[in-house]
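The following paragraphs lead the reader through selected features of a structure. Please keep the sequence and the model in view while reading.

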Amino acid sequence: MPQKKKDCLGVDKPVSEVQADHELFLQAFEKPTQIYRYLRSRNVLSPIFLQRTLYYMRGRMSRSHKNRMSFKLDCLLDKVTQKSERQNERPASYLNIAFTGFHDDKLEGVCGDVARVETFIVKMCHKKRKESSAPLMQVSVGTQDVNINPSEGEGGGGCGRNACLSIPTHNFTSSNGHQVKSYVLVFRVSLVHDQENAGEPVVKRRRVGRSASQDSQDSNIPLISTNAINGDSHGGVGSTYAGELVMFDRHGRCLLTPGQYELMLELQAGETTQLCKSSPKKNASWESIDTLKFDGIFNNIPVLKFTLNWNSENSTSVIERPRLRPLKPLDVVLANSASTKPKPQGVASPEAPQLVLYQFVYNNNSRQQTEARRDFHCPWCSLNCMALYSLLKHLKLCHARFTFTYVPHPKGARIDVALNECYDGSYAGNPQDLVAMPAGFAFSRSGPTRRTPTTSVLVCRPKRPKPSLSEFLEQDDDFDLPRSYILGHNRLYHHTMTCLPIQPHELDEDSEGEHDSEWVRQKTQMMIDEFSDVNEGEKELMKMWNLHVMKYNFVGDSQIPLACSMFLESHGTELLRKSLYRNFVLHMVSLHDFGLIGTGVVYKCILHLQNKMQDPSVQKQLAASWEEQRRSSKKLFSSYNGSSSSFVSPVKQESTCSSATSNGLTEESKSSPTKSNVVNKKCCVQ
Amino acid sequence: MTCGTPTLRRKGRNKRRRKKTPAPVKMGYKFVCYLKEDHGQPIFGVQFNQHLRDGQPLVFATAGNNRVSVYQCMDDGSIKILQCYSDPDPEENFYTVAWSYDTETGRPILAAAGSRGVIRIFSLATMQCVKHFIGHGNAINELKFHPRDPNLLLSVSKDHALRMWNIRTDILVATFGGVEAHRDEVLSTDIDVEGTCIVSCGMDHSLKIWKLTTDIMLSTINQSYTFNPSRAVRPFPTVQQNFPDFSTRDIHRNYVDCVRWLGRFILSKSCENTIVCWKPGLLNQTELKHNDTNVTIIHKFDYKECEIWFMRFSLDYWQKVLAVGNQQGRTYVWDLDISDPAQARCSTLTHPKCVAPIRQTAFSRKGNILITVCDDATIWRWDRVAQQ
């Protein structure tokens, strides 16, 4: 006892240490693990992608696209006709079933009796959307008498011949009316005693029941036998057993290969029991071979033995009893109401149970904890990755909060798990998804959504490196990682004026390069309007000229002649309408004064403008404004004598003002301007 | 000072209670209850849902920290929390909320925005943040819905600009900012009842009026309903309004942090202990002029101890009561239902525990409940005392 105490004390310290260690472990791994647990259940409930569609999860994909390789459009019709032919010539024209016997250990006493087997074909049709259950059609094809518990060596029960049933295959064609999913052969065995047996004393029959109940006590399936008793005692007619055999699987393949069958039957509660209550699929469950104890089961469960073959000729109703060959184990054993599923294709071949050791490294790589697993399930998602490569790839891509390093291990594989220090949780996907409306649309939980159309890879078939585990080994820095194959861009741009994200479809339109935005034009005009020392006509010309220069962005002296002619081209008529002829001439003169244009240009421009005056509507306008100005100037200068020339006369008032302007210009011309822009500015500053 | 004011207040109140006869009808608001939000951070915004009519529940929303909470004023005088939304970003600090409704379903919509500059739209019926708008370059100081069109949302931001959004079609209709617009943070805005004019104010001491009745604005608003972004090649032609229709810096000498239309007049406040009622131009002038330098001050509502900025006043739906809180936790209430503004009587609401600055006040539609929110995360409910 004291020693034990000491032992306890000795252990005590490590316990606290272990606890502290555990604390550290939790500290490092708890939070990301919780996050991944949450994500796991979310992905189970409403996945945003399917694992099996990932290329590295090919093991989980049950479909192979082998047919696609050889597919040709022209073959389509051939395929259909072939298929229908194949169905028409179902192995043969008749399905012959020769019943060899009904075996039930509990019916030992009634050896030699006859049981009645009624065979039905149940058509299971495709469920339509609105129907709650698949429609069933049941057809009885025949009733035979079968010996109960015939001895193997015996040449034949009563007559040495066996009851045989022939079903024409046209019953099974899948294209009559309703689209039929599959057919099920249903056998219903009723223990109806024939004439001779009917005369037997009741005691004997009772004995049967008793013996059954005795049997049930040492067997482990008491339920059935109790039922048997009940059925026996209540009805007194005889028990009914039923068994089903599915003919075609999902893909229309025939499951009933010729051979000898032992069909396990289940006791039915009464005659009224509906056959084939639900599709066999629903009750189907996978059972591993270890759990099935054949000996016990086949000893205790009633079995209907028969030979099945496809034949071109109708067999006579009674045939010779064939000699039994030793039954191959698990040749075709169909458990009651369980359909066989084809083995999923493409499943990675079950490798030898390998050990996957997870080594959790934490606390600055100073501590580690190891956990072993025997399968390739992801410890966070419990997703079965089927192969080590898939597992590693999955871990690396889906659990980025950790780093995983693969280390080969004699017993299998070791994976070093550490916290990813570089993980910042930032979104690495398409930023368009983040700004898409409504919020979080890309991650919407209500169903699939359209992908944002920015990065559209038309065709990209990069040569994928062969999947090899070496990419998960600890890597040197200069390791050549395969590049990601995102063509195009993965960036989000914003409009300069509104700061709104640029939608993908707006990308091609560069609308924001213009240098004379509306507000600059407006502001320029407003500023010119604020001048107090220039008259309205000059303001007008300044606005027109400045906006013109701004629009075309003339930058050099050499462009000024061009600017002048373009100005006249676009604004010439407007100029004349606003009676700005003289203002323009003055402007030309001052441009000449600053040495920006030669005399030739001045001459040409004025000629150009005068040509525009030939337009009758312009002339009318000019005359009107001349009249008006003459009247106003008469008021101002009563001594003034108007000249007869319509050109020279227009603006007396303006000419006085413009002389002031030219004074201003000459004053400033000392600071020799070189660029047209400067002149513009001067023009404004006036 | 602190002892002087209460006596004054008491005197005033007593006088009113005793006399009960003279012309100016007195406003009586009585403290009913208060509650405190657990984050302990200032609550900057409170708004009643004034779209709810008589007989419908009295619902208001608050904005503070990274939370937007929706409360109901119960008949028994208590406040019941209905919903609470928390921004995923703990750094977010909501400054303002605004109510609207879905024009199709009639369900309430709550907009909130704050320091991150993201406008969030909550659908209270589905309890979701159904939309968000990004685009503002900085914090958003106030949100306002257009009084006539519940889909038009006006936001004002620290980025010196105002934006008008169509929240139904997610389109930015217009920005009001630029060369002649605010030169500093825009702090507050209001749209007049008819939806014709926006007034905005900010840290540049200025108040600016923007017309919404210009052709370009009207056509763009219409276009914002019909524009199909998935079909169009070019982005929506957002109006870039650089030039206000009226601008003044003559009303206040400091940050202008709250402004409201009162008919054709404007109520605005700065941190100068006064709310100014004024109008642009001369008294008889009806048209706005761009270069107008005239303003007419109608009346000043003076109060005390409110020198810090970002303190908002509020009016009830019928614009008959005006309330503002000060930095000592006192609330000043004026009855505006009088013919002469000089007659407006002020009453002060105090509570010994209400000592933190009152950031904003909100009246229920009928004006019978006043909610004030404070810097210490408290929400105060004051009910109007039944008058004889």
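A:Tyr36 and A:Phe402 are both buried, where buried means under 20% relative accessible area, exposed over 50% and partly exposed in between (1.4 Å probe, protein chains only). The model is a predicted one, in which local features need pLDDT of at least 70 and side-chain atom pairs count only at pLDDT 80 or more, while totals for chains, interfaces and linings use all residues. Residues are numbered from 1 along each chain as its sequence is written, chains are lettered from A and ligands numbered from 1 in the order in which they are written, and side-chain values use heavy atoms, with hydrogens and water left out.

Over all chains, the structure holds 42 aromatic pairs. Rings of Phe, Tyr and Trp (its six-membered ring) pair if their centres lie within 6.5 Å; planes under 30 degrees apart count as stacked, over 60 as edge-to-face and the rest as tilted. A:Tyr36 and A:Phe402 form a tilted pair, at 5.9 Å centre to centre and with 50° between the planes. Because A:Tyr36 lies in helix H1 (residues 2–45) of chain A and A:Phe402 in strand E13 (residues 402–409) of chain A, this pair ties together parts that are 366 residues apart in sequence. Helices (H or I, at least four residues) and strands (E, at least two) are DSSP runs, numbered from the N terminus. Both residues belong to one aromatic cluster, whose members include A:Phe25, A:Phe29, A:Trp380 and A:Phe404.

In chain B, the ring centres of B:Trp309 and B:Phe310 are 6.0 Å apart and the planes stand at 85°, so this pair is edge-to-face. B:Trp309 is partly exposed, with a relative accessible area of 33%, whereas B:Phe310 is buried at 6% relative accessibility. B:Arg312 lies over the face of B:Phe310, at 4.1 Å from the ring centre; a charge sits over a ring if NZ of Lys or CZ of Arg is within 6 Å of the ring centre and within 35 degrees of the ring normal. B:Arg365 lies over the face of B:Tyr317, at 4.0 Å from the ring centre.

Another residue of chain B, B:Thr220, is placed in helix H2 (residues 215–226) of chain B. B:Thr220 has a relative accessible area of 2% and is therefore buried. Apart from its neighbours within four places in sequence, B:Thr220 is in contact (heavy atoms within 4.5 Å) with B:Val173, B:Phe236, B:Pro237 and B:Val239.
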